[in-house]
Amino acid sequence: MHVTVDQDRCCSSGQCVLTAPDVFDQSEEDGLVLLLQDRPDPALLPKLRTAAALCPGGAITVAAEQVEEVEA
Ligand code: SF4
């Protein structure tokens, strides 16, 4: 699992921090999202999906691990 955030889309609502405080924080300067860890425990996946869904800016992306391509 790989999490990314786009600060250009963040509107500092704080939903992500409320939903998954182990993974997200907000800058004390401008309130923009800070990513604490980009490869968190897979057990957090449901919370991260919720955070991505609740984010009003659509700034959070949660991707499954890339599967290595197997050569034929
Ligand atoms: S929920 Fe989205 S818009 Fe709100 S602080 Fe987090 S990343 Fe930014």
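In which loop is valine 23 found? Valine 23 belongs to the loop between helix 1 and strand 2 (24–26), where helices (H or I, at least four residues) and strands (E, at least two) are DSSP runs, numbered from the N terminus. The model described here is predicted: local features need pLDDT of at least 70, side-chain atom pairs count only at pLDDT 80 or more, and totals for chains, interfaces and linings use all residues. Residues are numbered from 1 along each chain as its sequence is written, and side-chain values use heavy atoms, with hydrogens and water left out.

The protein chain has 2 helices and 4 strands, and along the sequence they follow the pattern β-α-β-β-α-β. The C-alpha trace spans about 50 × 25 × 20 Å along its principal axes. Of the 72 residues in the protein chain, 29% are buried; buried means under 20% relative accessible area, exposed over 50%, and partly exposed in between (1.4 Å probe, protein chains only). Contact means heavy atoms within 4.5 Å. Among contacts between residues at least 6 apart in sequence, 57% join residues at least 24 apart.

Valine 23 counts as buried because its relative accessibility is 0%. Not counting residues up to four places away in sequence, valine 23 touches Leu34, Leu35, Leu36, Gln37, Pro40, Leu44 and Leu48. Valine 23 and aspartate 38 are 15 residues apart along the chain, and their C-alpha atoms are separated by 7.7 Å. Further along, serine 27 lies in the loop between strand 2 and strand 3 (33–35). With a relative accessible area of 17%, serine 27 is also classed as buried. Its contacts, leaving aside neighbours within four places in sequence, are Leu32 and Leu34.

Cys10, Cys11, Ser12, Ser13, Gly14, Gln15, Cys16, Val33, Cys55 and Ala59 surround the ligand; a residue is near a molecule or strand if one of its heavy atoms lies within 4 Å of it. This shell divides into 6 nonpolar, 4 polar and no charged residues. In this division Ala, Val, Leu, Ile, Met, Phe, Trp, Tyr, Cys and Pro count as nonpolar, Asp, Glu, Lys and Arg as charged, and the others, Gly among them, as polar.

The space taken by the ligand is the largest cavity. On a 1 Å grid over the protein atoms alone, a cavity is a set of points where a 1.4 Å probe fits but cannot get out, and lining residues have an atom within 4 Å of a point. A molecule sits in a cavity if more than half of its atoms lie within 2 Å of its grid points. The structure holds 1 cavity of 30 Å³ or more, and about 100 Å³ of space lies in the largest cavity. Grid points are joined across faces, edges and corners, and a volume is the space filled by probe spheres set on the points. The largest cavity is lined by 15 residues, of which Cys10, Ser13, Gly14, Cys16 and Cys55 lie nearest its centre. By class, this lining has 9 nonpolar, 6 polar and no charged residues.

Serine 12 lies in the loop between strand 1 (2–5) and helix 1 (15–19). Although serine 12 is not a glycine, it has a positive phi of about 65°. Serine 12 is partly exposed, with a relative accessible area of 29%. Glutamine 15, in helix 1, is likewise partly exposed, at 31%. Leaving aside neighbours within four places in sequence, glutamine 15 is in contact with Leu54 and Pro56.

Cysteine 16 is found in helix 1 and is buried, with a relative accessible area of 9%. Beyond its neighbours within four places in sequence, cysteine 16 is in contact with Pro21, Phe24, Val33, Ala51 and Ile60. Isoleucine 60 counts as buried because its relative accessibility is 9%. Its contacts, again leaving aside neighbours within four places in sequence, include Val3, Thr4, Val5, Cys16 and Cys55. Isoleucine 60 and arginine 49 are 11 residues apart in sequence and 8.9 Å apart in space, C-alpha to C-alpha.

Notes. On a 1 Å grid over the protein atoms alone, a cavity is a set of points where a 1.4 Å probe fits but cannot get out, and a pocket is an open set with protein on both sides within 12 Å along at least five of seven lines; lining residues have an atom within 4 Å of a point.
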